[in-house]
Amino acid sequence: MAGSQRFDRLDALRAVAILWMAVFHFCFDLNHFRFIQENFYRDPFWTVQRTMIVTLFVFVSGLGQAIAWEQSQSWPRFWRRWAQVAGCALLVTAGSYLMFPKSYISFGVLHAFAVMLIIGRLTAGAKRWLWPMGLVAIALPHLVQDPFFDTRLTNWVGLVTRKPVTEDYAPVLPWIGVMWWGLAAGQWVLAHRRQWLAGPLPQRLSPLAVLGRWSLSFYMVHQPVLIGLLMAVRALV
């Protein structure tokens, strides 16, 4: 049955995204503790990587939403998962405030997921219209900006005139467009090339599938572990 089908390939792809993110964060932490000197806010080598990592994460989430929609995922199950994401987003805000009080994360990747998962769930039935909807969402922040959206209470929309001072910023616009494209692509693949997602995964890559199924836990744990290790190293040298 479709409801019990495993999608190890999708889980493995999610793991690739989270491992890439962990490497990026490790480099960021090395810079924060001055083991290296890099500009993560302006250097294209880092800013482009960050965009690519978030793009992969959000697109994969859209693929997952397509599977959930096909399987007629119940609202109670959806809300249980959503509560985990939203709860972790609040923890990220609290933790970042302790470490970066002047640039704490008020609306980062997890906050965006908490909002976009609901939007994706409600709009999954748009099917092929998800493609133009995604295009509009991605283009809109480049076409419309207003100072009203420059505050911490409103910048989550994405129509800002300047990027806010924060350690992570992932507004609904344009990222909901990427999720819509992932959702549309997932629906097409499930209908026409199902084996791309549902096909078997080589045994040597099975650890990636396991990691992909625990991506949220890994996301929440990896930074405290990395920062703790680097603080210990800093104290010893």
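Me: Are H1 and H8 roughly parallel or roughly perpendicular to each other?
Reply: In this predicted model, the axes of H1 and H8 come within 7 Å and cross at roughly 75°. Angles of 65 to 115 degrees count as roughly perpendicular. H1 and H8 are therefore roughly perpendicular.

Me: Which residues of H8 meet H1?
Reply: On the H1 side the residues are Asp8, Asp11, Ala12, Arg14, Ala15, Val16, Ile18 and Leu19. Contact here means heavy atoms within 4.5 Å. Their partners in H8 are Leu208, Ala209, Leu211, Gly212 and Arg213.

Me: How many residues apart in sequence are Arg213 and Asp11?
Reply: The side chains of Arg213 and Asp11 form a salt bridge, at 3.2 Å from N to O. Arg213 belongs to helix H8 (residues 206–213) and Asp11 to helix H1, so the pair ties together parts of the chain whose separation in sequence is 202 residues.

Me: What separates Arg14 and Asp11 along helix H1?
Reply: Arg14 also forms a salt bridge with Asp11, and the closest N and O atoms are 2.8 Å apart. The two residues are three places apart in helix H1. Their separation is therefore about one helical turn.

Me: Which residues are linked with Asp11 in a network of salt bridges?
Reply: Asp11 has a salt bridge to Arg14 and a salt bridge to Arg213. The network also takes in Asp8.

Me: Is Asp11 buried or exposed?
Reply: Buried means under 20% relative accessible area. Arg14, at 18%, is buried, while Arg213, at 34%, is partly exposed. Asp11 has a relative accessibility of 10%, so Asp11 counts as buried.

Me: How many residues apart are Arg194 and Glu70?
Reply: The side chains of Arg194 and Glu70 meet in a salt bridge, 2.7 Å from N to O. Arg194 is in the loop between helix H6 (172–192) and helix H7 (195–198), whereas Glu70 is in helix H2. The pair links distant parts of the chain, and the separation is 124 residues.

Me: What is the relative accessible area of Glu70?
Reply: Partly exposed covers the range between the buried limit of 20% and the exposed limit of 50%. Arg194 is partly exposed at 23%. Glu70 is also partly exposed, and its value is 31%.

Me: How many salt bridges does the structure hold?
Reply: Side chains of opposite charge can pair when their charged atoms come close. The pairs discussed above include Arg14 with Asp11 and Arg194 with Glu70. For the structure, the number of salt bridges is five.

Me: What accessible area do Phe35, Val233, Leu236 and Val237 have together?
Reply: Phe35 sits in the loop between helix H1 (8–32) and helix H2 (44–70). Phe35 is partly exposed, with a relative accessible area of 33%. With Val233, Leu236 and Val237, Phe35 forms a nonpolar patch on the surface, and the area together is about 410 Å².

Me: Is Arg34 buried or exposed?
Reply: Arg34 lies in the loop between H1 and H2. Phi of Arg34 is near 65°, a positive value in a residue other than glycine. The relative accessibility of Arg34 is 71%, so Arg34 counts as exposed.

Me: What is phi of Lys127?
Reply: Lys127 is found in the loop between helix H4 (109–123) and H5, and counts as partly exposed at 47% relative accessibility. Lys127 is a residue other than glycine, yet phi is positive, with a value near 50°.

Me: Which residues are in contact with Phe149, leaving aside neighbours within four places in sequence?
Reply: Phe149 is in the loop between helix H5 (130–143) and H6. With a relative accessible area of 18%, Phe149 is buried. The residues in contact are Thr154, Asn155, Val157, Leu159 and Val160.

Key: Residues numbered from 1 in each chain as written. Predicted model: local features only at pLDDT ≥ 70, side-chain atom pairs only at ≥ 80, totals over all residues. Heavy atoms only, no water. Patch = residues over 30% accessible without salt bridge, like charges linked within 9 Å, V, L, I, M, F, W, Y side chains within 5 Å. Areas by Shrake-Rupley, 256 points an atom, 1.4 Å probe, with all protein chains shown as cover. Salt bridge = Lys/Arg side-chain N within 4 Å of Asp/Glu carboxyl O. Helix = DSSP H or I, 4+ residues; strand = E, 2+ residues; numbered from the N terminus. Buried < 20%, exposed > 50% of the residue type's maximum accessible area, 1.4 Å probe, protein only. Axes fitted to C-alpha atoms, helices over the stretch in contact; angles between N-to-C directions. Parallel < 35°, antiparallel > 145°, perpendicular 65-115°, else oblique.
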